[in-house]
Amino acid sequence: MLRAHALTVPGRLHGVDVALQRGRITAIVGPNGAGKSTLLSSLAGLTTGDVTLDDRALAAMAGRDRAQTIGFLPQGGDVAWNLSVATLVRLGRLPHRSTRATDDRAVAAALSDMALDALAARPVGTLSGGERARALLARVLAGEPGWVLADEPLANLDLAHARALLRHFRRLADAGKGVALVMHDLAQAMNHADHVVVLDKGRVAASGAPETTLDPALVARVWGIEAHWLGDHGARALACP
Amino acid sequence: MAPRWWIMLGVLLLLALPLSLLAGQVWIDPFGPPVPGAVPILVELRAPRAALALVIGGGLGAAGAAMQGFLRNPLADPGLFGIAPLAALGAVLSFYTGAAIQEWALPGFALVGAGLAMALLVLIAGRATDGGIGRGITLFTLAGMMIASLAGALTSLVISLSPNPFALSEIVTWLMGALENRSWHDVALAAPPTLIGMVLLMRAGPSLDALSLGDAAARSLGVEPARLQALMVLGVGLVVGAGVAVAGIVGFVGLIVPHLVRPLTDHRPGSLIGPSAIAGALLVLIADSACRLLPLTGGELRLGIALSVLGAPFFLMLLLRLRRDLA
């Protein structure tokens with residue numbers, strides 16, 4: 001379990017308690033500036049704060065051990081040099097002291113999971129937005145982490161690519177990994193997450209199963225819009241007149 | 001880098017090295033009639049000079065590759081930390097005070113200057129890593145520019161106050177950077193710190209690779225900002241300080257070489273450091289040999305000038321390509 005205990009980051013988060021479980025997808029949602037990215041990077045161990053992984057303080061773990069366990073995909077994801085896709089993905093192996101053969105295997109698996117085999121030699125600069133998002137996620141997967149924390153991995157993706165990526169996150173969760181995603185699309189959170197954490201002004205406004213948590217009253221309170229849910233369980237859409 | 005490129009760089013180096021030993025005002029033809037004084041010319045003049053070219057070029061090439069990786073910017077070079085200008089100020093002070101008569105004083109003063117620059121950098125920007133690598137890098141660059149401009153101004157001040165025309169001409173000539181009349185002493189002085197610095201920079205390689213993905217991703221991959229910063233300051237400081245101490249300011253090598261080599265590698269900063277060291281050594285060796293061969297009245301062309309003359313158009317080409325990419 002990955003937990004934040006009364007996590008406070010000055011100016012960003014105020015006493016946030018969150019518990020992420022293995023084997024399920026947790027969506028972190030909230031308006032702009034609510035502290036979603038700060039929470040996710042804190043859970044990845046990048047800020048000072050009381051976060052524990054299976055009752056062990058992240059701050060007390062060696063950077064390399066933490067990096068082997070928690071894979072983090074930051075927002076945006078610019079790449080400074082025009083690396084090839086395969087080279088980019090291999091960077092995910094940096095925390096591991098493994099043999100070249102093990103690295104090769106992990107990189108090949110990550111490439112094929114993200115359907116990037118044919119693009120392995122392509123420079124990152126020539127990729128489309130969707131291909132780039134997949135390549136960046138493949139970098140995280142190549143590290144074979146037990147936890148995958150991704151900050152808006154679905155931003156700038158068309159419907160088909162977003163759905164493919166969500167399916168992959170589901171497969172990761174089914175394989176026993178913990179998955180946490182910052183998202184803006186409440187319908188995606190409603191349909192694809194097992195657990196949702198709603199942040200507002202640096203505090204947890206609500207948390208629980210999406211069906212019971214993301215009710216119209218909460219949406220009105222946190223986002224300030226009148227909206228209601230359409231459709232059936234698992235295929236909901238948010239209607240905002 | 002693919003093995004064939006390593007082999008190519010190695011072969012070029014093996015070809016250039018003997019040629020640089022034979023070339024000069026006195027040509028030594030190994031197959032021709034014996035040249036009077038050939039042995040002292042080779043052993044006492046040309047061999048240490050070639051060794052120094054390799055050491056300084058290799059160090060600057062490696063430092064340039066590491067700096068570009070650290071700042072995530074292809075226009076960065078080792079001079080950005082302000083270490084070279086402060087080392088130069090130290091050397092200039094040794095002329096000004098007349099201490100340069102002692103053989104140890106000039107490099108000693110320069111190394112003290114380099115050490116001072118490193119200490120200042122760490123004092124000003126060292127603790128900024130709390131906010132992540134990115135903020136630390138911005139502060140580092142700004143602190144380096146501040147140190148460089150201050151050192152530049154103080155150097156001008158010392159020149160303007162210089163006690164006699166002798167000191168003045170010594171200072172000005174020395175600032176241009178050269179490998180003329182260097183001895184094995186200079187090699188012994190510059191080689192160890194340069195090699196240690198290069199090892200430190202190589203050790204920073206994996207962290208620089210991770211930094212390609214940005215600050216947050218690098219830290220999530222286990223990069224420790226304070227360690228990376230320490231490796232960079234010490235590595236660049238030792239290489240640049242040692243270089244300035246024995247050869248004066250040799251510019252543009254650290255900027256040009258990584259660009260020439262990058263297309264041969266997989267573009268990771270870490271994979272660029274070794275090849276850049278070899279290519280840097282090759283470039284300085286060739287440039288220095290060319291300086292010796294150019295017919296110039298009143299002495300040799302200074303290495304620092306030759307490299308800058310070579311470097312400026314190259315820089316322009318880079319900018320034009322950048323502009324085309326942006327368009």
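These questions and answers concern a predicted model of chains A and B.

Biologist: How far apart are the end C-alpha atoms of helix H1 of chain B?
Modeller: Helix H1(B) covers residues 3–22, which is 20 residues. At 1.5 Å a residue, the helix should span 28 Å. The value in the model agrees with this, the end C-alpha atoms being apart by 29 Å.

Biologist: Which residues of H1(B) are buried, and over what arc around the axis do they lie?
Modeller: The buried residues in H1(B) are Leu9(B), Ala16(B) and Ser20(B). They are on the same side of H1(B), because the arc they cover around the axis is only 35°.

Biologist: Which element gives the most to the largest nonpolar core?
Modeller: The largest nonpolar core has 142 residues. Those touching the most other members are Val29(A), Phe169(A) and Leu214(A), together with Phe70(B), Ile83(B), Met232(B) and Val236(B). With 14 residues, the element that gives the most to this core is H2(B).

Biologist: Which side chains form the salt bridge between chain A and chain B?
Modeller: The contact draws 22 residues from chain A and 22 residues from chain B. About 1800 Å² is buried between the chains, 66% of it on carbon and sulfur atoms. The count of salt bridges between them is one. At 3.3 Å, N to O, the side chains that meet are those of Arg72(B) and Asp78(A).

Biologist: Is His228(A) buried or partly exposed, and how far in space is Leu238(A) from His228(A)?
Modeller: His228(A), found in strand E11 (residues 228–230) of chain A, has a relative accessibility of 38%, so it counts as partly exposed. Neighbours within four places in sequence aside, His228(A) is in contact with Pro216(A), Ala237(A), Leu238(A), Ala239(A) and Pro241(A). Leu238(A) and His228(A) are 10 residues apart in sequence, and their C-alpha to C-alpha distance is 5.9 Å.

Key: Residues numbered from 1 in each chain as written. Chains lettered and ligands numbered in written order. Predicted model: local features only at pLDDT ≥ 70, side-chain atom pairs only at ≥ 80, totals over all residues. Heavy atoms only, no water. Helix = DSSP H or I, 4+ residues; strand = E, 2+ residues; numbered from the N terminus. Expected span 1.5 Å × (residues − 1). Buried < 20%, exposed > 50% of the residue type's maximum accessible area, 1.4 Å probe, protein only. Arc of directions from axis to C-beta. Core = buried A, V, L, I, M, F, W, Y, C linked by side-chain atoms within 4.5 Å. Contact = heavy atoms within 4.5 Å. Buried area = accessible area lost by both parts, 1.4 Å probe. Salt bridge = Lys/Arg side-chain N within 4 Å of Asp/Glu carboxyl O.
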